[in-house]
Amino acid sequence: KRQVLDRGSHFLTVDAKLQLNLQDAPTSGVFASTDYLEASALYAFNINNDYVGPYARAGLKTRVFPGYLYLENEGVGSGQVLVNRLNGSTDTYAFGNEANADDLRLEVSKPFAPFVLQEEIGANLKAVDLDLKLLELSVATRVGWGFRQGITEGLLVVDGDERGTPVTLNEVDDYFTTGPLVGASANLTFARWLFGQAEIAGLLPVQDSDRAGSTAAKRLLLDASGTAGLKFPALTSMLHASFDYTFRMQRDGFLTDKTMFDQIVMARVSLQLF
């Protein structure tokens, strides 16, 4: 996260995250920890204080590369895939008939799909802001109203078991919704070596809500992510090494009725340009 401005009543942050997976990992998830792009900008005007004030936020998230579903047949011989299209038609594909990897995978999303945009307005609270010798901790919360748009570009999601016979996929339509939301973010650094950060946000849609789920719990659009790890002393003034654990949990009933959870453990080297 790059803090752009924190001066007097004005507070502005810009956050951008990009992770690319150079290998063709077998996953049918709508989003993944190894391939995603996220960005957001938040501006808050703190009225006569350094903590509370109205805010406006805009953000996006998407995959970068195409998404694939890797197929396998529990029985002997070939299998079958049924794709239910938005126009009511059904496409049928066979797999397992050829001796190559492409015959055992099906593209379920295009590059930069699904592309989800979210705008928010409301009240921002900088709940905790500590800067001690060994410990730095900041916690911010927000309550407001959100507007969310999903551009799916023909996204296909699994209906039932992805190892079923046949495998059934449903094409997902674009959506736009709005509703109340709450969110929070936290950043922790201890002794400059140990670090952690987490974000969580939930939006309860009130527009076209039946499509998102049958109950309020199922309709909740939930995004949570976090990273914790060990940051080694600087190798140079610009080069840093770290070992960390990252998780991402997302629920979007407009895309799929499944809760998506992804996690990864990484050792990385970071180059700070400016």
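Modeller: Start with accessibility: buried means under 20% relative accessible area, exposed means over 50%, and partly exposed lies in between. F261 has 47% relative accessibility, so F261 counts as partly exposed. Bear in mind that this is a predicted model.

Colleague: What makes F247 partly exposed?

Modeller: Its relative accessibility is 25%. Buried needs under 20% and exposed over 50%, so F247 falls in between.

Colleague: How many aromatic pairs are there by the rule?

Modeller: The count comes to 2. In one of them, Y175 and F254 have 4.4 Å from centre to centre and 10° between the planes.

Colleague: Why is the pair of Y175 and F254 called stacked?

Modeller: Ring centres must lie within 6.5 Å to pair, and planes under 30 degrees apart count as stacked. Y175 and F254 show 4.4 Å and 10°, so both conditions hold.

Colleague: Are Y175 and F254 buried or exposed?

Modeller: Y175 has a relative accessible area of 4%, so it is buried under the 20% limit. F254 is at 3%, so F254 counts as buried too.

Colleague: Why is the pair of F247 and F261 called stacked?

Modeller: The centres are 6.3 Å apart, within the 6.5 Å limit. The planes stand at 20°, under 30 degrees, so the pair is stacked. F247 lies in strand 16 and F261 in strand 17, 14 residues apart.

Colleague: How do you know that the charge of R105 sits over the ring of Y68?

Modeller: R105 lies over the face of Y68, at 4.0 Å from the ring centre. The distance limit is 6 Å, so 4.0 Å passes. The charged end of K231 sits over the ring of F195, 5.4 Å from its centre, so that distance passes as well.

Colleague: What makes strand 7 (90-95) and strand 11 (156-158) edge strands?

Modeller: The open sheet has 4 strands in the order 7-6-12-11, with mixed pairing. Strands 7 and 11 each pair on one side only.

Colleague: Which sense does the pairing of strand 6 and strand 7 have?

Modeller: Antiparallel, over 6 bridges. Pairing takes at least two bridges, so 6 qualifies.

Conventions: Residues numbered from 1 in each chain as written. Predicted model: local features only at pLDDT ≥ 70, side-chain atom pairs only at ≥ 80, totals over all residues. Heavy atoms only, no water. Phe/Tyr/Trp six-rings, centres within 6.5 Å; stacked < 30°, edge-to-face > 60°. Buried < 20%, exposed > 50% of the residue type's maximum accessible area, 1.4 Å probe, protein only. Lys NZ or Arg CZ within 6 Å of the ring centre and 35° of its normal.
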